[in-house]
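Here is a short report on a predicted model. It starts with one chain and then turns to where two chains meet.

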Amino acid sequence: MALALQQLINGLTLGAVYGLIAIGYTMVYGIIGMINFAHGDIYMVSAFIAVTVFTLLAGFGISSVPLSLLVVLLVAVFFTSIYGWTVERTAYRPLRGSTRLAPLISAIGMSIFLQNMVQLTQGARVKPIAPVLVGGIDVLTVDGFTVRLAYSQILIVVVTVTLMTGFTWLITKTSFGRQQRSCEQDRLMTSLLGINVDRTISLTFMLGAALAAVAGVMVTVYYGVVDFFIGFVAGIKAFTAAVLGGIGSLPGAMLGGLLIGLIEAFWAAYLSAEYKDVATFTILIVVLMFRPSGLLGRPEVEKV
Amino acid sequence: MAALILAHHQTSPAERLKDAAAVAFIALLLGIPMIGLLTVDQGGALRIATRWPALFAFVAACFVGRLVLRYALDQWRARQLARDQADTPAKEVSLATNPLLNWIGWVALGVSVALPIVFAENRYVVDTATTVLIYVMLGWGLNVVVGLAGLLDLGYVAFYAVGAYTYGLLSTQFGWGFWSALPVAGAITASFGVLLGWPTLRLRGDYLAIVTLGFGEIIRIILVNWTELSGGPNGIASIPRPSFFGLPFKPPGDDPTFASFFGLEYATHQRIVFLYYLILVLALLTNLFVSRMRRLPIGRAWEAMREDEIACKAMGINARNVKLSAFAIGAMLGGFAGVFFAARQGFISPESFTFSESAIILAIVVLGGMGSQLGVVLASLVLVLLPELGRDFAEYRMLLFGAAMILIMIWKPGGILSHREPTLRYFANGGRR
């Protein structure tokens, strides 16, 4: 029981991170119908920026945790969204309107490029940072097993919930959100109505990158180590989450992320830690077999 | 019309400078956290180091590069425009249907047959050529799934791995030879293809992509963790090399060897050259097999399915069987390549079968131009030789590899030899090609 509660906490934390990354996938897929393979690496770039800024702040002697967290978040979001913008501008925009596979290949190329760029410029070794947020609350103790809610976990969940609320408001209520949704439905018609489609797509990429940046910072705080390869696994998991929730659906991405996080945590605790990724993919395959458009996705109706 | 003129108007030097300055500014922002600042590990704690000169060089390079690129593009556009206005119709030569292509194919075949004779003493060249041919064969196999049947497979490396491990296990555990293991491995990988194809029958496009990717990862994770079967991360070592009709490539001993049987002096390059010809023959058989399949009803059904699945179903084509056969045949060809890989390396481990391998094979198919057999050869040459040429600056080769993938796609989004010509075409005069 206590173990289950602990895994629930861990799973939700992990799931929140996956959900944040998954939104980037699902938005990009919704608006231009491509898998942005480099998105996981954008998240990795953000984690590296976070490490740099944390080290920088420590060097300046700033020890206030909330202040340094805020600064790191803002800086990472700023630089990472520029990375998101650049990726779209250089690798995907020239391929708009070509075959469906071309941007996918270009995205895989971009992913390889980003990974190796970070490896070259920042080094291939794992980077550990000094713990930023230590301690936690002991929730309850059963038979000597203490369920612990770390402060970093609380931080991740609070930040994610806040962001999701803000994000939902942005997409459903603001003029940008309307433009974004209308681009998803019909790009040509949207452009005829005088909306700058290219700009909307660029902003979508920047937003997705910003959310991935937050995820990158959170993971850096949570685990305390980063390396240039974290983007690949997290990217695949997050994309799985997006597909599981129904690609193109924002609540779906969050739900998918939470489910993947929970499945992973429980599987690792009760069955086998080595095969937790197999569990994720197997469940994905099973869901898609019986519900090919994901949990919250609308079924695609093909008109002939 | 006004819009057209606007779009083609000559940019002034000032505009170009402004544009390049904007690019340099973006480069500066991108470079600050990655190039300008660096964290170095010092006694367990991180410390910040700076590289401002490198950042400055990067920004300057971006500025100049953009200026030059912009100028070149403008010149090119101006020439295009001039040609359009002069009303000389641009020569529309479709490279893919060019009879020249046939010649290139034959020349390539001639070169590949002659290569080990010319470079008999240069082991490196023959080895690299063997690697190219492995990728050619994998590319041709994946071409069946992606290029012909239009099913996006991101986990093709799984079949390659299954083939390699099948041979590795059969030979080390049961003492099977290369030739007897080859068909068995083909059958096993084909059934894995069906196994993957079955749950994905209803899926299309990107859902299929992620499921195949997941399948590839599942196979790899199982290989890493099921230590009793696969040896885990250590892999399988001392896999026997293939023999020449029962004659092994070994230093002279009691049993007849290749060298002693033909009265030659033993040399290691005999094995290298033999392996080269072996994969060449396997690849050519693959090519022959696939190009014959394309003319069979099943092959035509693949291409029809790629173009329009609904129309196919309406015509009474069994979508399930068509898709499964494409998966099975593609998987089988990948399995053959895997068997050869295991036999050539003598050692296999899950590290050889990561997602990036799948990505490279897919890139070969797409860069070559989906469905084009010769395109696969060209793309494998580019993708294998590019990192090899970059060995002098080895650290940068994967970086350049990624950049090249992006650039080739931007330059030719349909692939180097893009065509989607149906293999068979009905002509109004009743003649068939």
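## Contacts and fold of chain A

In chain A, 74% of the contacts with a separation of 6 or more join residues 24 or more positions apart. Contact here means heavy atoms within 4.5 Å.

Chain A has eleven helices and four strands. These are DSSP runs, numbered from the N terminus: helices are H or I with at least four residues, strands E with at least two.

## Size and burial

A compact globule of 304 residues would have a radius of gyration near 19 Å, and chain A agrees because its value is 19 Å. The radius is taken over C-alpha atoms, and the globule rule is 2.2 Å times the number of residues to the power 0.38. The C-alpha trace of chain A spans about 65 × 50 × 35 Å along its principal axes.

Of the 304 residues of chain A, 56% count as buried (under 20% relative accessible area, 1.4 Å probe, protein chains only).

## Where chain A meets chain B

Chain A brings 66 residues to the contact, and chain B brings 56 residues. In chain A, A:Leu101, A:Ile105 and A:Leu120 lose the most area to chain B. Together they account for 11% of what that side buries. Buried area is the accessible area (1.4 Å probe) that two parts lose on being put together, summed over both.

## Basis

This is a predicted model: local features need pLDDT of at least 70, side-chain atom pairs count only at pLDDT 80 or more, and totals for chains, interfaces and linings use all residues. Residues are numbered from 1 along each chain as its sequence is written, chains are lettered from A and ligands numbered from 1 in the order in which they are written, and side-chain values use heavy atoms, with hydrogens and water left out.

Notes:
Buried < 20%, exposed > 50% of the residue type's maximum accessible area, 1.4 Å probe, protein only.
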